[in-house]
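Visitor: Could you walk me through reading a model like this one? I would like the general idea and then the case at hand.

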Amino acid sequence: MSDYMSEESDGEYYYDDDEVMGSDRAEDEDTEESEGEEADYGSMEMSVTALSKPKKKVYEVDYECLATSDIDKSMAKEAELLCSMLGVDISTSYQLLRFMNWNKEKLIDKFMEDPDAVKEKAGIADTPPKFTLPSVAPPPAPAPAPVASSSSSNSRRTTRSSNKTAAPPPPVVDEGWSCPICCCEPEPPTGVMALECNHAFCTDCWQTYLTGKIREEGEHSIRCMESGCNDLVSDTVILGTVPDAPKEGSVVLDDETKDKFKELLVRFFVQCNSALRFCPAPGCDYTVQCAAASTKSSLETTVPTVRCTNGHSFCFGCGEEGDHRPLICTIAKLWLKKCQDDSETANWIKTNTKECPKCHSTIEKNGGCNHMTCKKCKNEFCWVCMGPWSEHGNAWYSCNRYEEKEGVDARDAQSKSRASLERYLHYYNRWANHEQSARLSLDLYAKTEKKMQEMQETSELTWIQVQFAKKAVDEVIKCRMTLKWTYAMGYYLEKSNQKELFEDNQRDLEKAVEALSELLERPIEPETVASLRQQITDKTVYVLKRNEVMLEDTANGFLEGRWAWNTSISPFIE
Amino acid sequence: MADARLRRVNKEIADCRKDKASNVEIDLVEENPFHLIGTFPGPPDTPYEGGRFSVDIVIPDSYPFQPVKMKFLTKVYHPNVSSASGAICLDILKDAWSPVLTLKSTLISLQSLLCSPEPNDPQDAEVAKHYMTSRSSFNDTARYWTEIYAGGPPAKAGSSEQKDEVAIAGLEKAHVDQFEALGFERSKVIDVLRRLNYRGSNVGSISEDRIIDALLK
């Protein structure tokens, strides 16, 4: 019953937040407007299908985008539940949950076993809880989150006035007391504060200390300044919502620090919950909830690409920005690392070095004539034809013996030993090529924009009718992303019939994408624009279908365990 | 806040000078109150007894909310102190710092670190290995370092004026001589044997071939 009450007051209180939350949600939930508030608050597992398409493709996952206020609500809900279960006040409940990394079950277990020990370890002062249950509290019910504005602290103040746990009595200090940290001598009792542990320090020092811990060290559980003292500074002290706090002698942090603290609380909660992940885009504060991809094993068969309400797409599994479908996280990561480590080196080795035909040491020729003597095995050979030097006679400075058998053999052997390098570069260059194209997407959009303008001016087509071009560009960019990752996947796939089918799909998609790209480059002429439009529209649909086929087939392959990886990767999987 | 820092440091220095019992001293470097040198005696009943150790102290801008930066100026043979740079591995100089701690209390903590090494959380892995394999040999070396670097009493009667490289490395003269006789340079032999921790019971478990391999590298 307590839940119901707070639910109602919450709904009211958070109404504003919902309004600003973004049009996406508001529109999609139009139909359930009447019950919206309650359903919204309902639970963390609320099944908002608003963002997922009606028919889920095999390569898509169910997920939901949450605003910070939603996270606050989830936190508040868990904390409140613990309040009534463990008989502690809300602030303690938050701190206990944070101490246990938001593992509710573990906290309940441990707490039932020995509440004092848990509290002591968590650094919560051992004052007997005089908490009044929310259900018997006079209305308005306590607003749950300390992460809330002044209105909530007001309501809490009324319910908490009988409850002294969060308001430490002002410390008793003698005349002539000086702060052990800054050695100042504030007139008692103003400007002195102590937690329940009674370690008194001046409020200036407290402020500097707390600000530093929050802003520089990013800590959400801050202990007393005394060395070895385990007492936690309560959230209410940090947020300045201590009930009955005296005007003077209490800590006042600036709003920026308080906001940062609230952010830290949210971040920590998200971090502790494997079904939540922050949008990695800079400055974006949406969180995505995706229960389907919360376990490690699920990531071996799915690529949970999600998109936050601000439109940033990223992988829920590994946090990589963009979309690395169809390749699963572990292998995508492996590939990225390999590229980072190897591609430059490999390219340099390829262009600047050769291998000694005898001992296969890699040799860089940095000057001198073509008569090479391997430092390691003393083999003498010709840099140009790779054949043994003994066959060259006196023609020291030019090699005209390219066709000599020994030289041909040596070059064959060389290319064989370089096959793996070549293979890598084959995939890497194609991968990089699509990557580069995607990076130029902004230019492409601008160019298309201009063309659309031109079409409207030179032909009969209206604004709505020229949108096909933008749609085509959207599709091209999306497909290049897919193509890019199919090359990474191709590199790691073991040669098999399955791989051939995969490469067929890849080829079809690539061909279609290139054809569409080319159509988009065509000049606009009034006579042909109508047919060009038709062609592009058709091609766009075709490309879209090819991309779906590619993604669907690979996703099914993962589910069916159809993909066999080559040796370079097997140790990393499973 | 700058005022508070200066006020606090001055008070700390004054307190430290008043307190003769602890035998900890703090001095300014070039009149700068934020760059100091602290000294304390090696704790009794340890290999460091009799030595006097000095520590470079830098007070950061956000002191006392951030820990002081300290490192040994005197070379110390100790698992938690780098034998090369004097860097110190001690929790209160990192996360366990509290603004209530003072320069004096921190120096006293360093003093007690000398009494109770934490070889499982080493700053100097080689020294830590030495400590773990052969305590008596480690103590000899630490005592020798105290003697030659910290002005401690001579460890053995009749030890020479000259610094003994073998004793500094904590090795047996016989072992070094043995490999030097094979034609390797003495300094290289010392280096390799030290790296392989050729001490105590390890002598039996490291084959000569392995040492020669390492020497040939």
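The dialogue below takes up the pocket, the chain contact, a salt bridge and some backbone features.

Guide: This is a predicted model, where local features need pLDDT of at least 70, side-chain atom pairs count only at pLDDT 80 or more, and totals for chains, interfaces and linings use all residues. Residues are numbered from 1 along each chain as its sequence is written, chains are lettered from A and ligands numbered from 1 in the order in which they are written, and side-chain values use heavy atoms, with hydrogens and water left out.

Visitor: How much space lies in the largest pocket?

Guide: A pocket is an open set of points on a 1 Å grid over the protein atoms alone, where a 1.4 Å probe fits, with protein on both sides within 12 Å along at least five of seven lines; lining residues have an atom within 4 Å of a point. Here the largest pocket holds about 1200 Å³, the volume being the space filled by probe spheres set on the points. Its lining has 41 residues, and the closest to the centre are A:Thr305, A:Arg307, A:Ser313, A:Asp323 and A:Arg325.

Visitor: Which helix gives the most to that lining?

Guide: Helices are DSSP runs (H or I, at least four residues), as are strands (E, at least two), numbered from the N terminus. Helix 17 of chain A leads with 8 residues. By type, the lining splits into 15 nonpolar, 9 polar and 17 charged residues, with Asp, Glu, Lys and Arg counted as charged, Ala, Val, Leu, Ile, Met, Phe, Trp, Tyr, Cys and Pro as nonpolar, and the others, Gly among them, as polar.

Visitor: How much area do chain B and chain A bury between them?

Guide: Buried area is the accessible area (1.4 Å probe) that two parts lose on being put together, summed over both. For chain B and chain A that is about 1100 Å², 65% of it on carbon and sulfur atoms. B:Arg7, B:Phe65 and B:Val100 supply 44% of the area that chain B buries against chain A.

Visitor: What about salt bridges?

Guide: Side chains of opposite charge can pair when their charged atoms come close. The rule asks for a side-chain nitrogen of Lys or Arg within 4 Å of a carboxyl oxygen of Asp or Glu. Over all chains there are 36 salt bridges, but 0 between chain B and chain A. One of them pairs A:Arg215 with A:Asp254, with the closest N and O atoms 3.5 Å apart.

Visitor: Where are the cis peptide bonds?

Guide: One joins A:Arg325 and A:Pro326, with omega about 5 degrees. Another joins B:Tyr63 and B:Pro64, with omega about 0 degrees.
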